[in-house]
Structures are given as structure tokens and as C-alpha cells.
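Reader: Hi! I'm new here, so please show me around, starting from the inside.

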Amino acid sequence: MTLLRVQNLSVSIGGTDILHDVDLSVTAGQITAITGESGSGKSMTALACMGLLPKGARAAGTIDLAGTDILQTSERQLNDIRGNDIGMVFQEPMTALNPVQTIGTQVAETIRIHTDAPRTEAKTRAADMLRKVGLDVSPDRYPHEVSGGQRQRVVIAMAIALRPELLIADEPTTALDVTTQARILDLLKGLVAEFGMGMILITHDLAVVSDIADQIAVMQHGRVVEAGATDTLMRRMQHSYTRSLFAASSHVPAIRQPYASHTQTIPHGAAAPKQGLAVENVTKKYNLSRKTLLGPRPTFAALKNVSLTISSGERVGLVGESGCGKSTLTRAILGLEDVQAGSITLDGAPVVSNRRADLTQRRKMQVVFQDPYGSFNPRHTVARLVSEPFYLLEDKPKNPADRIAQALTDVGLSPSDGDKYIHEFSGGQRQRIAIARALITDPQLVIFDEAVSALDVSVRAQVLDLIADISARRSLSYLFISHDLSVVRAITDRVLVMKGGQIVEDGATEDVYRNPSHPYTQTLLAAAPQLPEFIEV
């Protein structure tokens with residue numbers, strides 16, 4: 001039975017056309033995925049189905065939900081439909097939740113608004129729904145007291161509290177690690193089957209689409225360019241844009257063979273290679289609460305005797321679930337976090353001396369962050385943003401404009417882009433600017449912290465090609481941190497697997513991926529979604 005039918009949907013805002021004659025259908029008990037790059041119209045289509053178009057938007061066409069045309073329905077009627085007949089799971093659960101209300105109260109709110117249930121009954125039903133989505137924590141906790149995956153389960157519980165006919169999930173697993181993502185996707189799939197609801201899944205992850213969706217709609221520039229049953233569409237892609245998306249999703253950068261390690265024999269009279277990074281038996285503990293009269297202050301060990309090396313020119317990946325210690329290790333390597341035991345050295349010299357970061361060492365390292373917009377000051381020009389690391393240098397460049405122009409050119413941008421502001425660039429261009437900023441001081445080591453997780457598949461492919469090219473040209477060492485195992489496999493020579501504050505596996509990337517020795521690594525690889533082998537692009 002067709003639950004939702006969208007026909008000839010067009011949306012314009014301020015005279016600009018956003019959606020063009022969109023046709024889409026969702027069947028009860030099935031999942032329809034909408035995929036495409038940022039700006040293709042995926043989220044706007046979902047908002048139209050919810051009756052949540054921005055102020056000033058003009059819409060034409062029909063959105064038929066079980067006999068009700070959403071576009072012809074009053075706001076009062078829509079308030080009854082939202083939460084009752086349609087539920088929505090947003091991408092970022094922390095911003096979707098009220099930080100000053102408990103998770104149980106927020107799930108109960110949906111029940112109380114749409115039913116006559118008294119407060120105590122609503123709380124009981126909310127607790128039952130939280131258990132239904134596999135959340136085994138107290139309903140009295142606040143959003144900041146649970147993990148990202150648990151917060152997403154809270155949002156799902158809110159969306160399905162009244163068992164709606166239609167569930168819309170907008171990038172529900174983008175920021176989650178692979179095992180948490182697998183559990184959330186299994187949960188959504190199970191709820192669709194159990195409740196018989198229809199679901200719209202919005203995502204740019206085509207491996208997820210191939211694993212969970214019954215139908216696919218591919219959008220580009222506000223239009224559905226191709227749609228059909230998942231298996232049929234993937235086997236016989238008709239539109240060039242669809243083929244390009246799948247090609248970018250499985251793209252592997254052309255990286256050179258691993259550089260010579262520090263174990264290589266050095267010819268007589270030749271200069272010794274740089275020693276690179278060495279982390280030896282590092283331990284980092286955090287205090288959990290204030291000291292009590294009954295005993296010492298309890299602590300949490302984020303890092304437990306961690307040891308690793310990154311030789312000059314080596315490309316190393318770091319993977320693991322949220323909370324495994326990746327971020328703590330990154331801060332320690334950069335000298336932003338002191339440790340209680342062990343040592344961190346670069347070229348044989350400590351990164352931190354007397355509990356203070358050594359600026360001589362820090363200027364040899366740079367970092368590229370996950371959010372290419374949030375890591376910049378929007379009031380400064382690109383030239384100023386890129387040149388910020390100059391403050392680390394003892395000898396400032398005599399011609400900084402030339403260095404800035406060269407850095408922008410190296411990442412595929414124009415020197416004239418230095419006069420612009422960060423809001424004038426796309427997400428992929430912003431990440432190129434972040435890479436230019438990281439490279440402008442010619443560092444030995446760059447840490448890429450989830451540097452491509454927020455990018456579309458085609459833009460991600462371009463940025464990965466850029467990283468591979470720069471690392472080859474500059475003999476650059478990098479630590480590439482990501483929860484996307486396919487990306488790590490494509491861009492690294494060696495991979496480290498982290499669990500519970502410890503490195504549980506360390507080896508050549510292909511060896512680890514083909515023959516993982518640790519059970520945890522095997523679990524991670526099994527949980528990672530993959531495109532079907534039959535796909536040809």
C-alpha cells in the first residue's frame with residue numbers, strides 16, 4: 001500500500017527555484033532512500049513532507065499522506081499530524097534535544113501533546129519506548145550524560161513514541177562510528193518491519209543505502225534524476241550523475257608505495273632520515289568527581305600504556321569507536337594535553353617539557369579538523385586564516401603573500417581566493433583552505449581528524465586525491481583519524497585500531513583489512529557497510 005505519494009512538487013524561496021517537479025512514493029513497511037550531494041534538495045523535500053518549509057517558501061504540486069494533502073492542510077491540522085502520523089529523526093541529536101530536560105521527559109512530551117495521558121502514564125510509556133529502542137539507561141539522565149549513539153536512540157524514541165505511519169530520518173548516522181551506525185540502522189529497519197510504517201532515509205552514504213533501502217531516489221539540483229528498486233537501480237544505472245556518485249563512493253586515491261622506514265639501511269655518508277613521531281607507554285587519566293572523605297578521587301583512564309610510531313613520510317590511519325581515546329591521543333600528540341606517564345617525542349625531542357608544550361616541536365605539527373566551517377573565524381579573510389600558523393615561526397617569512405598564494409595554489413585554489421571570506425566557499429573548498437593552513441609552515445606531521453566525514457562522496461574523493469598528492473610531493477607524514485573504514489583503507493599505508501584507551505592492532509593497512517587478528521578489529525570490519533560487488537560504474 002502506498003503511504004506517501006509526492007507528485008510534481010516544486011518549491012521556490014524568494015523567487016529562486018529549489019525543487020523541480022519532484023515525484024516520490026513510500027510504501028508502508030518499506031524504506032525509501034533519498035540520496036545526492038549537499039544542495040540537491042534532499043532535506044527540503046523532507047521538510048515539505050513535514051509541512052515545515054521555510055518562511056516565504058512557495059510550494060506547488062501534491063504531497064499525499066494516506067489521503068491528506070500536506071500542502072493543503074492548515075497549520076493547526078499539521079500540528080496534529082506531526083508526531084502522530086509523521087515522525088522525524090534529525091541528523092544532530094544534541095541540537096534536536098533540550099539540554100535542560102531529561103531524556104524521559106522529552107519522550108513523554110510527545111505522548112502528552114497528542115494524547116490525554118496523565119504525566120505519570122506518559123513517563124511510563126516513555127520509559128517503555130526508550131527500552132524499545134534498546135536504551136538501557138535511566139530516563140532521568142540528561143542528553144549530555146549519554147553518548148552520541150544513545151542520544152540518537154532518544155530522538156528515535158521521540159519520533160516513534162506514537163507509532164506514526166511515516167518516519168523520516170535525515171542523515172541519522174553521519175556522525176556515528178561504524179558499530180554504533182550498524183546498531184542504529186538495524187534498529188530503524190526492525191521498527192519499520194515491526195510497526196509496518198514507511199520510512200524516508202536521507203543519506204549521502206551509498207553503502208548504507210544499498211544495505212537498508214528498498215527503493216532509491218537520486219536527487220541533483222532539486223530534481224529526482226533516477227529512481228527505482230534498490231537492486232534494479234544499482235545493477236542498471238541509467239543517469240550519468242548516479243554513476244558518478246557510485247564511482248566517487250568507491251574511489252581509491254592513487255598513493256605511492258610506503259616511504260622508507262627508519263629501519264632502512266642508510267648509505268655511508270648520507271644524512272640520517274628524520275625520526276618521526278614516537279609515543280611510548282603513554283597513560284592519561286581524568287578525574288571523574290570531586291575528592292570525597294571516604295577515599296581518593298575516582299579516575300578514568302582514557303589512555304592506557306599507548307605506544308605507536310609514525311616514521312618520516314609514513315601515512316597512518318587510526319580507527320575505533322567513539323570514546324576509545326582517539327581524541328585524547330590526538331591532543332596529547334599535539335601538546336594540548338599533558339599525560340601522567342610515558343613520553344611523546346618528535347625527532348627524538350619531547351613534545352611537552354615541564355608540563356608545557358614545546359613550541360619548537362609544535363611548529364612541526366598541524367591539524368585539519370572535521371568541520372571545515374567551524375574551524376575558521378568568519379570575520380577574517382582567507383589570507384589571514386591561512387597565515388595564522390606564522391605565529392609559531394621564530395623567523396617570519398619575508399614575503400608572506402607569496403607563501404599564502406603558494407599554499408592556496410598547492411590545494412587547487414587561486415591566489416585571488418585569499419581576498420574572500422570563508423562563507424563564500426563550498427564545504428570541499430573550505431576543507432582545501434584548512435589543508436592549506438595546515439601546510440603553510442611545512443610541517444613534518446599533519447593530523448587529519450575526521451577531515452572528510454562531513455563531505456559529499458564526490459567532494460570527499462577530490463579531497464582524498466589532494467591529500468594523497470600532497471603527501472607524495474612533500475614526503476609528508478600524517479595520522480588520518482576516521483570512523484569510515486573504507487576511507488582509511490584508501491588513504492593509509494598502516495592502520496592502528498584503538499579500543500578502550502589501548503592500541504589493540506597495528507599493521508600494514510591491507511594486511512589488517514584482509515586478515516584482522518584482533519576480535520575487535522573483526523567486529524569493526526564486519527559492521528562497516530559496503531557497496532555490492534556487482535556494481536559497475
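**A look inside**

Author: Happy to! Val 319, Leu 485, Val 495, Val 497, Val 512, Tyr 513, Thr 521, Leu 524 and Leu 525 line the largest cavity. A cavity is a set of points on a 1 Å grid over the protein atoms alone where a 1.4 Å probe fits but cannot get out, and lining residues have an atom within 4 Å of a point. Two or more of the lining residues come from each of β21 (494–499), α18 (509–514) and α19 (519–527). Helices (H or I, at least four residues) and strands (E, at least two) are DSSP runs, numbered from the N terminus.

Reader: Which element gives the most to that lining?

Author: That is α19, with three residues in the lining of the largest cavity.

Reader: And what volume does the largest cavity have?

Author: About 40 Å³, counted as the space filled by probe spheres set on the points, which are joined across faces, edges and corners. The structure holds four cavities of 30 Å³ or more.

Reader: Before I go on, what kind of model is this?

Author: This is a predicted model, where local features need pLDDT of at least 70, side-chain atom pairs count only at pLDDT 80 or more, and totals for chains, interfaces and linings use all residues. Residues are numbered from 1 along each chain as its sequence is written, and side-chain values use heavy atoms, without hydrogens or water.

Reader: What is the mean pLDDT of the chain?

Author: The mean is 88, and 94% of the residues reach 70 or more; pLDDT is the predictor's confidence in each residue, from 0 to 100.

Reader: Where does pLDDT stay under 50?

Author: Over residues 258–273, and for that stretch the model has 14 contacts beyond four places in sequence. Contact means heavy atoms within 4.5 Å.

Reader: New topic! Is helix α1 mostly covered or mostly exposed?

Author: Mostly covered: α1 spans residues 42–50, and seven of its nine residues are buried. Buried means under 20% relative accessible area, exposed over 50%, partly exposed in between (1.4 Å probe, protein chains only). The buried ones in α1 are Lys 42, Met 44, Thr 45, Ala 46, Ala 48, Cys 49 and Met 50.

Reader: What follows α1?

Author: Gly 51, with a positive phi near 70°.

Reader: Which residues touch the most other members of the largest nonpolar core?

Author: Among 56 residues, Val 107, Val 154, Ile 156, Ile 160 and Leu 167 do. Such a core is a set of buried Ala, Val, Leu, Ile, Met, Phe, Trp, Tyr and Cys residues joined through side-chain atoms within 4.5 Å. Another core of 50 residues lies apart from it, with Val 368, Ile 433, Leu 476 and Val 488 among its members.

Reader: Last one: what does Thr 68 touch?

Author: Beyond residues up to four places away in sequence, Thr 68 touches Ile 63, Thr 73 and Ile 81. Thr 68 sits in strand β5 (residues 68–69) and is partly exposed, at 30% relative accessible area.

Methods:
1 Å grid on protein atoms, 1.4 Å probe; cavity = no way out; pocket = protein on both sides within 12 Å on 5 of 7 lines; lining within 4 Å.
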